[in-house]
Protein chains: 2
Amino acid sequence: MSTRRGRRGGGRGARRAERLARVIEQQPFLTRRLDQNQVLSAEGMEIIEHNADTLLEQVGIEVVDFPEALAIFSDGGAEVDGTRVRFPRGMCREIISRRAPSSFVQHARNPQRSVTIGDPHTVFAPAYGSPFVRDRDEGRRYATIEDFRNFTKLTYMSPALHHGGGTLCEPVDLPIETRHLDMIYSHVVLHDKPFMSSVTRPERAQDSVDLAKVVFGEQFVADNTVLIGLCNANSPMQWDRAMLGSAQVLAENNQCVLITPFIIVGAMSPVTVAATATQTLAEAMAAMSFTQLVRPGAPVIMGSFATTMSMQTGAPTFGTPEAALALLAIRRLAARLGVPFRSGGNLTASKIPDAQAAYESFMTFLPALSAGVNFVLHSAGWLEGGLTMSYEKFVLDADQISMMARLVGGVDLSENGLALDALLSNEPGQHFLGAEHTLTNFESAFWVSDLGDNSSFEQWELDGALTSVDRAHAEWNRLLSDYEAPPIDDAVRAELEDWIMARKATLLPDSPA
Amino acid sequence: MSTRRGRRGGGRGARRAERLARVIEQQPFLTRRLDQNQVLSAEGMEIIEHNADTLLEQVGIEVVDFPEALAIFSDGGAEVDGTRVRFPRGMCREIISRRAPSSFVQHARNPQRSVTIGDPHTVFAPAYGSPFVRDRDEGRRYATIEDFRNFTKLTYMSPALHHGGGTLCEPVDLPIETRHLDMIYSHVVLHDKPFMSSVTRPERAQDSVDLAKVVFGEQFVADNTVLIGLCNANSPMQWDRAMLGSAQVLAENNQCVLITPFIIVGAMSPVTVAATATQTLAEAMAAMSFTQLVRPGAPVIMGSFATTMSMQTGAPTFGTPEAALALLAIRRLAARLGVPFRSGGNLTASKIPDAQAAYESFMTFLPALSAGVNFVLHSAGWLEGGLTMSYEKFVLDADQISMMARLVGGVDLSENGLALDALLSNEPGQHFLGAEHTLTNFESAFWVSDLGDNSSFEQWELDGALTSVDRAHAEWNRLLSDYEAPPIDDAVRAELEDWIMARKATLLPDSPA
């Protein structure tokens, strides 16, 4: 973006002013004017929906270690047999379609960063859940809270990321009992975008809600959505207490649950796209209806994470056409339920941010854009099937996704966009560089990458023949060095710290403060 | 593809047999079942079409140094004023819609390699026109005929490339007067896929036609299309003798002309997508109607190459959202004319096959697939804005595009695809790896990259921590070492060589044979 440019020229003061202006810049979440890709006919969707209902009716879902959920399902009209829950045909769809909102606002502590999740919008969040991090010079290593904080800062500094995400990487140097508190603390104080709940146990989801009340105020949280919690199925057709219990806590508090069947196709579902779509729909409908039985109207997002595998080695594979088709198909099924949809991300199996990483990433990310996904987790930083969060790939991905608002914005057919006068007043063979229309529009005419090199071969060699990774390495270091925390009320911050200290004392009574 | 795999295991004889089986494999050209992306409303398209007609009516095109074309346009109903040709509203569209075929077969000397160009098909051809080549070990250097031959062989060895292309790189070590003969000779004897005509001068297009007659027989060439010639406008609104003259030769001989306005947006057209689409349509309609005035029914492809630029430095930029939107929009306009469409390619400004190269490539290539482009030139090898043909990127691109047939094939809704029995007979929590449906389908279930690394981090390190470029380097060397020329009739080959020797003696009389 032109406002992010101009690193050369100007004095120190000018650069400083520019840097500050830049820090507070944020690209708005995307609003789509392009049509969505129609991968399935209405008849095709009806067949898959019918089969998903058959699956829910005949096989049902297994609810592991969570009797309370069985009672909720039973009260809602499902048939419970031991730990198995079977659903009368149409029950889940009816509950979801009638009760779940088609879109909702997730509030950030800086109101300018609040996002609307649902059609025709798209919101980007960073990658989630890696135990490792990697950078060019230090290679791959276990993630620490320092890395977590760095990625929180990089997210803040990336205008194309609308959302702070959740477990940006797993801070394995902190006790597992309390690290969720440290992560949420970082999300609150180091950036001001929306963020995600802890969900590894229902108690941690409750901690997330309680912390949010400190930040936003109790009444505000009761009336508004400020958290999204990611709840994955144990596919095929299983939901456990950690996930459904966290979903329950969030839904009770009117917070958003992101229901995602996480499927390695061939292992956790049959090897075909249509069957994977059927199973994803069934698993998601069961859990989404659970949230609506807990609290009608609580925001819920239907998610899908479906990737293929190598049938030779069992390794998950990314950027394959089957995964892209599954994404396109399941997105259409979610639209017919009337709920927001999550999928996609810049996913790859590559160990480094090389050509493989970029091809694979875009082979998921661009279909996600084409499908009109509403919430794109794993938009930036993902390497190695999600095991590693990469500093360089984070900024490379963030740079690329900064173009997507323009893509989904479609073609400008205004008088200025049509530019008929410019066309008619120009002689054949005469260039347009000096035309009045060009001079009026050139500054904002084109998206320009911050990290791509468009110079001549000779200039590129003179500049040191840098690779994408080299430029990305310089960029994330520059961002961290330029970082300044957004303002936060001192009283809120102190209350937050007190709350966390007290909670840690309860969770880890033997640990030194 | 599973048939391309299995490099490990088996004896030498088995590997050799497999290699040969592999050499003659060819993926069929793509047949689309997915819908095409609808970027413009019918009303939007009508506005742009109206403006293109206004441009042709009021400004018209300048025809440089080619009085014969002026006469042809005048006879066809255009208004000629000096070297300016203006078209009554609707004239070009009427001529093209009524006369130009909506699809056609381009014949290869191996009939199994012939391709159909038009909806719902897509054909991939390699990059075209680079003066330089690059590989990992020797870096960037001027291209030679040896490089040209190598890329001809690599094209033959790449099952996902359906078409041999044309100027795979410019053999600058050969005299410019005769190098087109050496290039066509390589296309004929080193592979057996369809290929392109020379178009740098009308005489060279005629040489291409005459050589084709030697290969295919005079009557066959009179009755069938065996050549495509790439004719670019001198935008804005100019056509010269080299291009229109070559188009005339090809059309007279019932060979295909690929009419492509080549536009750096902002310099050669106004800075907006809609205006660039308007101008592209006007320029292409003028030249396409020329081919139909020369010979009604001669095959013609409407092309678009529209890329953005850095308004700071003037450098062309690739993989931008504006270029993707222009591609999507112009593709819809071509569909309404009822002619096949060419655009796209794996385009990049990067100097090396790094992450930038791959992101930028797919930001053009995937929209091209999404739009349903019929002929995709520059599918493999392109670097540095087309100045360089890269050995490593060639095989990386070819590997990636081998998945695209599956992508556009859409979702299989057959009984086997729906797999309802597999879903209903599986218990919750039980994996599908041993299911009968999985065992029946696993070999062909998923596309697998030949060049991606999906192994664990530990295995990848043990294997030498190779990058995409390292694996690609090994791959193209292996392909060249495995290469064996497809059979060709000795008499045809001898006649071809005699013809070329005689023609060279005419074109370069002072040169030693």
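Helices here are DSSP runs of H or I with at least four residues, strands are runs of E with at least two, and both are numbered from the N terminus. With that in hand, welcome to this two-chain structure.

This is a predicted model, in which local features need pLDDT of at least 70 and side-chain atom pairs count only at pLDDT 80 or more, while totals for chains, interfaces and linings use all residues. Residues are numbered from 1 along each chain as its sequence is written, chains are lettered from A and ligands numbered from 1 in the order in which they are written, and side-chain values use heavy atoms, with hydrogens and water left out.

**How the chains are arranged**

Chain A can be laid on chain B by a rotation of 180° with 0.0 Å of shift along the axis, giving an RMSD of 0.0 Å. Such a relation is that of a two-fold axis. In chain A, the C-alpha nearest the axis belongs to A:A355, 2.2 Å away from it. The superposition is by least squares on the C-alpha atoms of residues with pLDDT of at least 70 in both copies.

What does each chain give to the contact? Chain A provides 111 residues and chain B provides 111 residues, where contact means heavy atoms within 4.5 Å. Because 100% of the interface residues of chain A are also interface residues in chain B, the copies meet through the same surface. The size of an interface is often given as the accessible area lost when the parts come together. Here the buried area is about 9,200 Å², and carbon and sulfur atoms give 70% of it; this is the accessible area (1.4 Å probe) that the two parts lose on being put together, summed over both. On the chain A side, A:K351, A:Y359 and A:F446 lose the most area to chain B, together 9% of what that side buries.

**Enclosed spaces**

The structure holds 14 cavities of 30 Å³ or more. A cavity is a set of points, on a 1 Å grid over the protein atoms alone, where a 1.4 Å probe fits but cannot get out, and its lining residues have an atom within 4 Å of a point. Grid points are joined across faces, edges and corners, and a volume is the space filled by probe spheres set on the points.

The largest cavity has a volume of about 290 Å³. Its lining has 21 residues, with A:L366, A:S370, B:L366, B:P367 and B:S370 nearest the centre. Helix 12 (355–371) and helix 14 (404–409) of chain A, together with helix 12 (355–371) and helix 14 (404–409) of chain B, are the elements that give two or more residues to this lining. Helix 12 of chain B gives the most, with five residues.

**A sheet in chain B**

In chain B, four strands make an open sheet with mixed pairing, in the order 9-8-20-19. Its edge strands, each pairing on one side only, are strand 9 (139–142) and strand 19 (382–383). Two strands pair if DSSP finds at least two bridges between them. The table sets out two of the pairings.

| Strands of chain B | Sense | Bridges | A bridge pair |
|---|---|---|---|
| strand 8 (132–135) and strand 20 (388–390) | parallel | three | B:V133 and B:M389 |
| strand 8 and strand 9 | antiparallel | four | B:D135 and B:G139 |

Strand 8 and strand 9 of chain B also form a hairpin, with three residues between them.

**Backbone details in loops**

Most residues other than glycine have a negative phi, and most peptide bonds are trans. The bond from B:D119 to B:P120 is cis, with omega near 0°, and B:P120 sits in the loop between strand 6 (115–117) and strand 7 (121–124) of chain B. Another cis peptide bond joins B:S235 and B:P236.

Key
On a 1 Å grid over the protein atoms alone, a cavity is a set of points where a 1.4 Å probe fits but cannot get out, and a pocket is an open set with protein on both sides within 12 Å along at least five of seven lines; lining residues have an atom within 4 Å of a point.
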